[in-house]
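User: Hello! I am new to this structure and would like to learn how to read it. Could you walk me through it step by step?

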Number of protein chains: 2
Amino acid sequence: MARATFNRIPPEKQALVLDVANREFAEHGYHKANINTIASKAGISIGAMYKYFANKEDLFCEALEWGVRFIRDTYEGVEHASNDPFEKIRTMFLKVLDIARERPQALQVYMALLGSNMDDFAQRYANIIEDVGHTYLKHIILQGQQDGYVDKDVDVGALIFFLDNHLMMFAFSQISLYLKIRQETFLEGSVNQERVIDETIRICKRMFGTDRAQGPKT
Amino acid sequence: MARATFNRIPPEKQALVLDVANREFAEHGYHKANINTIASKAGISIGAMYKYFANKEDLFCEALEWGVRFIRDTYEGVEHASNDPFEKIRTMFLKVLDIARERPQALQVYMALLGSNMDDFAQRYANIIEDVGHTYLKHIILQGQQDGYVDKDVDVGALIFFLDNHLMMFAFSQISLYLKIRQETFLEGSVNQERVIDETIRICKRMFGTDRAQGPKT
DNA sequence: ATGTAGAGAGTGAGCAATCGCTCACTAAGG
DNA sequence: CCTTAGTGAGCGATTGCTCACTCTCTACAT
């Protein structure tokens, strides 16, 4: 947790420090990221840095949470975006594009966390972060079942797991060069992200939509 | 590429060095992995290490390719595992469990590669590695369409992208503590991997199976 | 057989650079 | 004059990599 001193400096300066840190950790990974560089890019001395944060890990956690908060805030309200659950899902995918555009570092740090063997971080954050997607998707599907858009005999747990897997890979495909190339391989060059979302929605309807959801039959 | 000297030492010793390197890179990540430690664990001197490999990056690439070769070999032959495309897909998921059991490091290094910003590595390997899953899945779906198991009006590209996303996340869930916890969140405790595969196949049939594929109606 | 010369595999102390972090210090505010 | 924010040179530990060296094996002349 950040030291008391950090909470006393102006919020814009706090944001600047966390933003710079987030970018550095995203670009170089936890171990290669350089605290001295972060301090100098944020316009503060290393001494001040260590007045604000106990150590490198502390700074990393603070920056990570800052990014997660942004992601959570962006998702806010999706469950009321429409009456149609499939449109709500589309909105979630569109929000991912927003996040990737506005704060790709947040996604990058998050993705690196998955791949790393930093088990202590993982245990601390897994539940908090994943809860976001899980809660919204579950809400959307259950409501969809009530309203007759979604088949009632699906295994909801497995379904939203499937969906969230795709949502995560979609998010990561926006920020990882490797996954971008992979996307091109699979979709054979045409990587208009809105079209990927269209196809996703079509597949979803096919997968768990009732006749009501289909609209004019394809 | 490894130096000529490396190719002249006994194959078992080559394998040992690459295996140790793979484990170290998997456990600590590229930057934190220590070449001196790798050398000593493999029972060779640092001097010898640098007679075998030009530098750290070279060793990393060799170890990565060694792991990828193992993954590719394990997939070998899945497209003839059954007549039913859904059983072929099940076989692919089961193979992932084999890989995760026998050589988790290979998957770990691969996963870390995605999350890192090592763009040069990414560009070099993305096509080679992804080609494996892509080729098999495409073959399975097209053959399935010919045999009447798979709907003919699906967008094959989008479909196998969707499928491979799930396959990747499934693989990563076997080796990342974070993703294991996430899986438990979504599937509410019951994380029998064979059951996850069963559900996956059910969802696949619903998603793109014809009546023939369904078997006795659910 | 024996001596010898050369190639090249293998060694490991240690150089050079990096980086997390400290601490003795100054400056400002009350 | 005390408290608190801020500074930055530099310490100590780590680590990628080098290089001067030894050891082993083969080839060939004696």
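Predicted model: local features only at pLDDT ≥ 70, side-chain atom pairs only at ≥ 80, totals over all residues.

User: How many residues does the contact take from chain A and from chain B?

Analyst: The contact takes 44 residues from chain A and 44 residues from chain B. For background, the size of an interface is often given as the accessible area lost when the parts come together. Here we can read the contact through its residues instead.

User: Which helices of chain A each supply at least two residues of the side that touches chain B?

Analyst: They are helix H2 (11–32), helix H7 (104–115), helix H8 (119–146), helix H9 (156–175), helix H10 (177–187) and helix H11 (193–208) of chain A. H9(A) gives the most to this side, with eleven residues. Sorted by class, the side of chain A that touches chain B has 21 nonpolar, 13 polar and ten charged residues.

User: How should I read a pair of packed helices?

Analyst: Two packed helices are described by the angle between their axes and the distance between the axes. Take H11(A) and helix H11 (residues 193–208) of chain B: their axes come within 7 Å and cross at roughly 105°. That makes H11(A) roughly perpendicular to H11(B). Ile203(A), Arg206(A) and Met207(A) make the contact from H11(A), and Ile203(B), Arg206(B) and Met207(B) make it from H11(B). The residues of this contact divide into four nonpolar, no polar and two charged.

User: At what angle do helix H6 (residues 85–102) of chain A and H8(A) pack?

Analyst: The angle is about 165°, and the axes of H6(A) and H8(A) are 9 Å apart. Angles over 145 degrees count as roughly antiparallel, and H6(A) and H8(A) are therefore roughly antiparallel to each other. Their crossing is left-handed. On the H6(A) side, the contact is made by Pro85(A), Lys88(A), Ile89(A) and Met92(A). On the H8(A) side, Tyr136(A), Ile140(A), Ile141(A), Gln143(A) and Gly144(A) take part. By class, the contact of H6(A) with H8(A) has six nonpolar residues, two polar and one charged.

User: Now the DNA. Which residues come nearest to DNA strand C?

Analyst: Of the 19 residues around DNA strand C, Ile35(A), Asn55(A), Lys56(A), Ser45(B) and Gly47(B) come nearest. The largest share, four residues, comes from H4(B). The surface near DNA strand C divides into eight nonpolar, seven polar and four charged residues.

User: And how many residues surround DNA strand D?

Analyst: There are 18, and the closest are Ser45(A), Gly47(A), Ala48(A), Asn55(B) and Lys56(B). Helix H1 (4–8) and H4 of chain A, together with helix H3 (35–41) and H4 of chain B, each supply at least two residues of the surface near DNA strand D. H4(A) gives the most, with four residues. The classes of that surface are seven nonpolar, seven polar and four charged.

Terms used. Residues numbered from 1 in each chain as written. Chains lettered and ligands numbered in written order. Near = placed C-beta within 6 Å. Nonpolar A, V, L, I, M, F, W, Y, C, P; charged D, E, K, R; others polar. Contact = placed C-beta atoms within 7 Å. Axes fitted to C-alpha atoms, helices over the stretch in contact; angles between N-to-C directions. Parallel < 35°, antiparallel > 145°, perpendicular 65-115°, else oblique. Left-handed = near helix turned anticlockwise from the far one by under 90°.
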